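Subject: Structure handover and notes

Dear colleague,

I am passing on the structure we spoke about, together with my notes on what I found in it.

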Amino acid sequence: MTVSVLFIGGTGRISTSCVREAVRQGMDVTVLNRGRTAERPLPPEVALLTGDAGDPQSVRDALADRTFDAVVNWVNFTPEQVRRDIDLFADITGQYLFISSASAYQTPPAYLPVTESTPLKNPYWQYSRDKIACEDLLVAAWRERDFPATIVRPSHTYDETMLPFDGGWTVVERMRSGKPVIVHGDGTSLWTITHARDFAVGFTGLLGKAEAVGEAFHITGDEAPTWNQIFGWVAEAAGAEPNLVHVASEAIAAADPRWGAGLLGDKAHSMVFDNTKVKRLVPEFGLGATPYRLGAREVIEWYDAHPEHQRVDASADRTMDWLAERYAPKAM
């Protein structure tokens with residue numbers, strides 16, 4: 001039987017890959033969004049609906065009397081948005097998938113690898129605390145109202161348009177210019193980084209599966225390189241020799257609180273995941289995954305083919321200059 005799925009959003013970094021994979025698997029795919037032009041085109045097999053996810057009546061009008069085996073909302077970040085969706089979709093779907101975040105796990109983790117039973121607690125990052133609150137609402141709705149929720153926790157999932165650094169292209173431009181780039185800590189912490197098309201295999205495999213309802217899954221790569229390796233592979237792809245300056249995460253946070261929130265609440269800590277749970281339901285997940293050394297080449301090739309996206313963040317550039325001047329080892 002063909003699985004029918006509604007993606008709300010569907011043109012983002014992760015969601016586009018999932019839409020494409022769902023179509024590849026022969027699912028009946030509908031995408032609802034505001035109809036704005038996206039840089040990631042969707043397959044022609046997708047049914048497109050126009051509506052505003054923040055306006056329940058707009059969604060009802062767009063959907064009319066349609067029902068779905070699965071509904072995925074890619075643009076929910078707060079408890080208020082989840083409450084709205086519980087009321088909106090309770091009677092029209094057999095499964096509702098919420099995109100949470102692996103940053104919701106205990107930070108720093110008490111043990112590795114992280115499993116789905118690792119506690120949810122992140123005192124450093126409001127984004128993560130909001131995701132935890134959303135999960136709490138969905139768990140209660142499943143227990144008390146039989147709302148068919150499935151929770152998915154991605155961790156640093158990228159496509160060819162995304163660099164893994166705060167500052168984005170600024171870091172590559174600095175590498176190519178021979179300027180120092182800032183690496184938090186000593187660069188040896190482990191970081192799981194996952195290509196969106198690999199994530200899409202695991203995610204799509206959960207759609208329409210009754211065994212996934214009431215459950216939470218993280219879906220991540222099995223590769224966990226060090227940050228020094230990640231910077232090195234991007235530099236290699238960019239044809240540059242990296243000049244890495246290591247700076248304590250707390251010092252970066254003091255210089256730039258926004259950059260620091262994502263470090264202290266996420267990237268500063270080694271994160272390695274056990275994907276056994278999702279592989280039980282989706283055994284093909286992880287087969288033929290893209291190693292980041294190759295993924296980095298795809299990213300640099302995309303940016304070199306799209307120079308209009310090679311944007312340097314002047315503020316981030318100045319902060320990196322200041323940190324490098326202050327913390328770079330001085331010649332004796």
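Predicted model: local features only at pLDDT ≥ 70, side-chain atom pairs only at ≥ 80, totals over all residues.

The chain contains an open sheet of seven strands, paired in parallel, in the order β3-β2-β1-β4-β5-β6-β10. The edges are taken by β3 (47–50) and β10 (216–219), and because each of these has a single partner strand, one side of each is left without a neighbour in the sheet. On average, and with direction ignored, neighbouring strands of this sheet are turned by 20 degrees against each other.

Going through the pairs, β1 (residues 4–8) and β2 (residues 28–33) are joined in the parallel sense over five bridges, and there Phe7 has Val31 of β2 as its bridge partner. On pairing with β4, β1 again runs in the parallel sense, here over four bridges, with Val5 standing opposite Ala70 of β4. Strand β4 (residues 70–73) pairs in turn with β5 over three bridges, also in the parallel sense; across this pair Val72 stands opposite Leu97, and Asn73 stands opposite Phe98.

To reach β5 from β4 the chain passes through helix α3 (residues 79–89), in a β-α-β crossover that is right-handed. A right-handed β-α-β unit is also made by β5, α4 and β6; its helix, α4 (residues 126–145), lies across β5 (96–99) and β6 (149–154) and runs at about 160 degrees to β5.

How many residues of helix α1 are buried? Eight of its 10 residues (15–24) are, so α1 is largely enclosed by the rest of the structure. The buried residues are Ser15, Thr16, Ser17, Cys18, Val19, Glu21, Ala22 and Val23, and they pack against β1, β2 and α6 (196–204). After α1 comes Gly26, whose phi is positive, near 85 degrees.

Helix α11 (residues 292–305) has 14 residues and spans 20 Å from its first C-alpha to its last, close to the 20 Å expected at 1.5 Å a residue. Its buried residues are Tyr292, Gly295, Ala296, Val299, Ile300, Trp302 and Tyr303. Seen down the axis of α11, these fall within an arc of 155 degrees, so they line one face of the helix. An α-helix has 3.6 residues a turn, so residues three or four places apart point the same way. What covers the buried residues of α11 includes β7 (157–158), α5 (169–176) and α7 (227–237), whereas the face turned away from the buried side carries the exposed residues Glu301 and Ala305.

Two single residues

Ser189 lies in the loop between β8 (181–184) and β9 (194–195), and because its relative accessibility is 13%, under the 20% cut-off, Ser189 counts as buried. Apart from its neighbours within four places in sequence, Ser189 is in contact with His184, Pro225, Thr226, Trp227, Lys267, Ala268 and Ser270.

Val181 lies in strand β8 and, at 0% relative accessibility, counts as buried. Not counting residues up to four places away in sequence, Val181 touches Val171, Arg174, Met175, Phe231, Asn243, Leu244 and Val245. Val181 and Pro242 are 61 residues apart in sequence, and their C-alpha atoms are 7.5 Å apart in space.

With best wishes

Key. Residues numbered from 1 in each chain as written. Heavy atoms only, no water. Pairing = 2+ DSSP bridges. Helix = DSSP H or I, 4+ residues; strand = E, 2+ residues; numbered from the N terminus. Axes fitted to C-alpha atoms, helices over the stretch in contact; angles between N-to-C directions. Contact = heavy atoms within 4.5 Å. Expected span 1.5 Å × (residues − 1). Buried < 20%, exposed > 50% of the residue type's maximum accessible area, 1.4 Å probe, protein only. Arc of directions from axis to C-beta. Right-handed = clockwise from strand over helix to strand, strands pointing away.
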